[in-house]
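Biologist: I have a chain open on screen and want to understand how it is put together. Can you take me through it?

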Amino acid sequence: MFKTILFLFILFPAFLFSNNIHLEKGIDFCKNGNVDSALYHLNLIGDEVTIETSNEDIFNKNYYTAKCYDHIEANKSAEYYYLQALSIMDSSEFNNADIYLDLGKFYQRINNYVGSNKYLSRYYEVELERLGQEAMTAAGNIGKMDSLEASISSMVSNEKKLESDIRLLIVLITVFGLAFLVSLFLNLRNKSKNNKKTKE
């Protein structure tokens, strides 16, 4: 019994890793136009979410299977897998806007202009929303940079004022120091004259 559990414990990570390898290989083959190899590896992955596969894995399996069938113009299969992938994505927390673009182009190719318009519009809505968020982030960053520049400018201005105040203080100390020395000198000279007069 212990050996069986140990064997499963050792085999489980290998199985987990092999599913990821099949998904990665399937995606790579699909992107390179090697449809048969891509479909072979993608079909080795199950259709249900398990310990070793996430929703996103199942989405990618269906999405790239659809792209493969789309590539060879197996339209019914392509549409089925695109819609499967879309259904998984809509019920999950991740988003891949490219599926809307691919589905829109697919429907355009098979002359389903209503479907094409629907998914292309959805793609551009998502992209505009993303660009709007990026623009807001950029505007926020520009605002922070403006604020930082204002702070730096204020610090430079304060530094110049401080330097000016230090110079003024040095001049005043010098003037008062000279005045003190002159008054001290005059006092000593007057005392010296007074002492001479008293002695005479």
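Predicted model: local features only at pLDDT ≥ 70, side-chain atom pairs only at ≥ 80, totals over all residues.

Biologist: How many helices and strands does the protein have, and what pattern does it follow along the sequence?

Modeller: The protein has 0 strands. Its helices number 6. Read along the sequence, the pattern is α-α-α-α-α-α.

Biologist: What percentage of the 200 residues in the protein is buried?

Modeller: A residue counts as buried when its relative accessible area is under 20%. Of the 200 residues in the protein, the buried share is 26%.

Biologist: Among contacts with a separation of 6 or more, what share comes from residues 24 or more positions apart?

Modeller: The count takes in contacts in the protein with a separation of 6 or more. Residues 24 or more positions apart account for a share of 48%.

Biologist: Let's go to helix H1. Is His22 buried or exposed?

Modeller: His22 sits in H1, which spans residues 2-31. Its relative accessible area is 19%. The cut-off for burial is under 20%. His22 is therefore buried.

Biologist: On to H2. Where do its buried residues fall, seen down the axis?

Modeller: H2 covers residues 35-43, and Val35, Ala38, Leu39, His41 and Leu42 are buried there. Seen down the axis of H2, these residues fall within an arc of 165°, so they line one face of the helix.

Biologist: Which exposed residues does the face turned away from the buried side of H2 carry?

Modeller: Exposed means over 50% relative accessible area. On the face of H2 turned away from its buried side, the exposed residues are Asp36 and Tyr40.

Biologist: Are H2 and H3 roughly parallel or antiparallel?

Modeller: Two packed helices are described by the angle between their axes and the distance between the axes. For H2 and H3, the axes are 10 Å apart and the angle is about 155°. Angles over 145 degrees count as roughly antiparallel. That makes the relation of H2 to H3 roughly antiparallel.

Biologist: Which residues make that contact, and what classes do they belong to?

Modeller: The crossing of H2 and H3 is left-handed. H2 contributes Val35, Ala38, Leu39, Leu42 and Asn43, while H3 contributes Lys61, Tyr64, Thr65, Cys68, Tyr69 and His71. By class, the contact of H2 with H3 has 7 nonpolar, 3 polar and 1 charged residues.

Biologist: Now H4 and H5. Are they roughly parallel or antiparallel?

Modeller: H4 runs over residues 75-90 and H5 over residues 98-109. Their axes come within 11 Å and cross at roughly 155°. The cut-off is over 145 degrees. H4 and H5 are therefore roughly antiparallel.

Biologist: Which residues meet between H4 and H5, and what are their classes?

Modeller: H4 passes H5 in a left-handed crossing. On the H4 side are Asn75, Ala78, Glu79, Tyr82, Leu83, Ala85, Leu86, Met89 and Asp90, and they meet Ile99, Tyr100, Asp102, Leu103, Phe106, Tyr107 and Arg109 in H5. By class, this contact has 11 nonpolar, 1 polar and 4 charged residues.

Biologist: Which residues does Arg109 touch, not counting those up to four places away in sequence?

Modeller: Arg109 lies in H5. It is partly exposed, with a relative accessible area of 32%. With residues up to four places away not counted, Arg109 touches Asp70, Glu73 and Asn75.

Biologist: What separates Arg109 and Glu73 in space, C-alpha to C-alpha?

Modeller: Glu73 lies in the loop between H3 and H4. In sequence, Arg109 and Glu73 are 36 residues apart. In space, C-alpha to C-alpha, they are 9.4 Å apart.

Biologist: What is phi of Glu73?

Modeller: Glu73 counts as exposed, at 52% relative accessibility. Its phi is positive in a residue other than glycine. The value is near 60°.

Biologist: And what is phi of Asn111?

Modeller: Asn111 is found in the loop between H5 and H6. It is exposed, with a relative accessible area of 53%. Asn111 is not a glycine, yet its phi is positive, at about 65°.

Biologist: Last one. How are the C-alpha atoms of Lys76 and Ala66 separated?

Modeller: Lys76 is in H4. It is exposed, with a relative accessible area of 71%. Lys76 and Ala66 are 10 residues apart along the chain, and their C-alpha atoms are separated by 9.6 Å.

Technical notes. Residues numbered from 1 in each chain as written. Heavy atoms only, no water. Axes fitted to C-alpha atoms, helices over the stretch in contact; angles between N-to-C directions. Helix = DSSP H or I, 4+ residues; strand = E, 2+ residues; numbered from the N terminus. Parallel < 35°, antiparallel > 145°, perpendicular 65-115°, else oblique. Left-handed = near helix turned anticlockwise from the far one by under 90°. Contact = heavy atoms within 4.5 Å. Nonpolar A, V, L, I, M, F, W, Y, C, P; charged D, E, K, R; others polar. Buried < 20%, exposed > 50% of the residue type's maximum accessible area, 1.4 Å probe, protein only. Arc of directions from axis to C-beta.
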